[in-house]
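Welcome! Here is a short tour of one protein model, written for a first look at how side chains meet and where open space is left. Please keep the structure in view as you read.

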Amino acid sequence: MSSRWYPIYQRGNPQLRVFLPNFWLKLVRPANEQPSNVVQFACSMEMTRHDVKNYLEKIYNVPVVNVRTRIALGGTKRDLVLGYITKEEDTKYAYVTLPRTKQFTFPDIFPTDAKQKIEDDKKSLEDAKKNHKKFLDKNKDRPGTPGWFSI
């Protein structure tokens, strides 16, 4: 459903009219643990649960079992100098339940291989130790330089 008002009659070819919705959905990583078939979205305040369900089913062909919505109130802040109060915008969240056969995992955008990272860190540490030992060996006879074993 769109909140835009379109003219009933338009000059020219009426088949060129494009009706775009004013709605938007944004996938949000949930703060609390959710079941694997529940997906959390931030959506526009004007969307109802029926709009969210139709949006996902018609545009993205996602089967939806249930939709629950809630409105999270924006925080308030007081300016320390002038003392006026500002309020952040409220956010509407939609919790979409998929069928039990569908599982949703949040996409891992930056995959990291833990073993590879540990090996790289060990190699870097060994290189740093080797270079430091080389530096100490090269400058051990030089007077006035701090070292580990000063006599």
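## A pocket and its neighbours

Leu25, Lys26, Leu27, Val39, Phe41, Tyr55, Leu56, Tyr60, Val62, Val96, Leu98 and Phe104 line the second largest pocket. Keep in mind that this is a predicted model. Let us begin with this pocket, then turn to ring pairs and salt bridges.

**The second largest pocket**

- Rolling a probe the size of a water molecule over the atoms shows where empty space is left.
- The volume of the second largest pocket is about 200 Å³.
- Strand S1 (25–27), strand S2 (38–43) and helix H1 (49–60) are the elements that each give two or more residues to its lining.
- Sorted by class, the lining has 11 nonpolar residues, no polar ones and one charged residue.

**Aromatic pairs**

- How many aromatic pairs are there? The count comes to two.
- One of them joins Tyr55 and Tyr60, with 6.1 Å from centre to centre and 55 degrees between the planes, a tilted arrangement.
- Is Tyr55 buried or exposed? Tyr55 has a relative accessible area of 15%, so it counts as buried, the cut-off being under 20%.
- Phe104 and Phe106 also pair: their ring centres are 6.4 Å apart.
- Why is the pair of Phe104 and Phe106 edge-to-face? Their planes stand at 85 degrees, and an angle over 60 counts as edge-to-face.

**Salt bridges**

- The model has two salt bridges.
- In one of them, Lys77 meets Glu88, and their closest N and O atoms are 3.5 Å apart.
- This pair links distant parts of the chain, 11 residues apart: Lys77 sits in strand S4 (residues 76–78), while Glu88 sits in the loop between strand S5 (85–87) and strand S6 (91–97).
- Lys77 has 51% relative accessibility, so it counts as exposed, for which the cut-off is over 50%.
- Asp90 is partly exposed, its relative accessible area being 29%.

Technical notes: Residues are numbered from 1 along each chain as its sequence is written. This is a predicted model: local features need pLDDT of at least 70, side-chain atom pairs count only at pLDDT 80 or more; totals for chains, interfaces and linings use all residues. Side-chain values use heavy atoms; hydrogens and water are left out. Rings of Phe, Tyr and Trp (its six-membered ring) pair if their centres lie within 6.5 Å; planes under 30 degrees apart count as stacked, over 60 as edge-to-face and the rest as tilted. Buried means under 20% relative accessible area, exposed over 50%, partly exposed in between (1.4 Å probe, protein chains only). A salt bridge is a side-chain nitrogen of Lys or Arg within 4 Å of a carboxyl oxygen of Asp or Glu. Helices (H or I, at least four residues) and strands (E, at least two) are DSSP runs, numbered from the N terminus. On a 1 Å grid over the protein atoms alone, a cavity is a set of points where a 1.4 Å probe fits but cannot get out, and a pocket is an open set with protein on both sides within 12 Å along at least five of seven lines; lining residues have an atom within 4 Å of a point. Grid points are joined across faces, edges and corners, and a volume is the space filled by probe spheres set on the points. Ala, Val, Leu, Ile, Met, Phe, Trp, Tyr, Cys and Pro count as nonpolar, Asp, Glu, Lys and Arg as charged, and the others, Gly among them, as polar.
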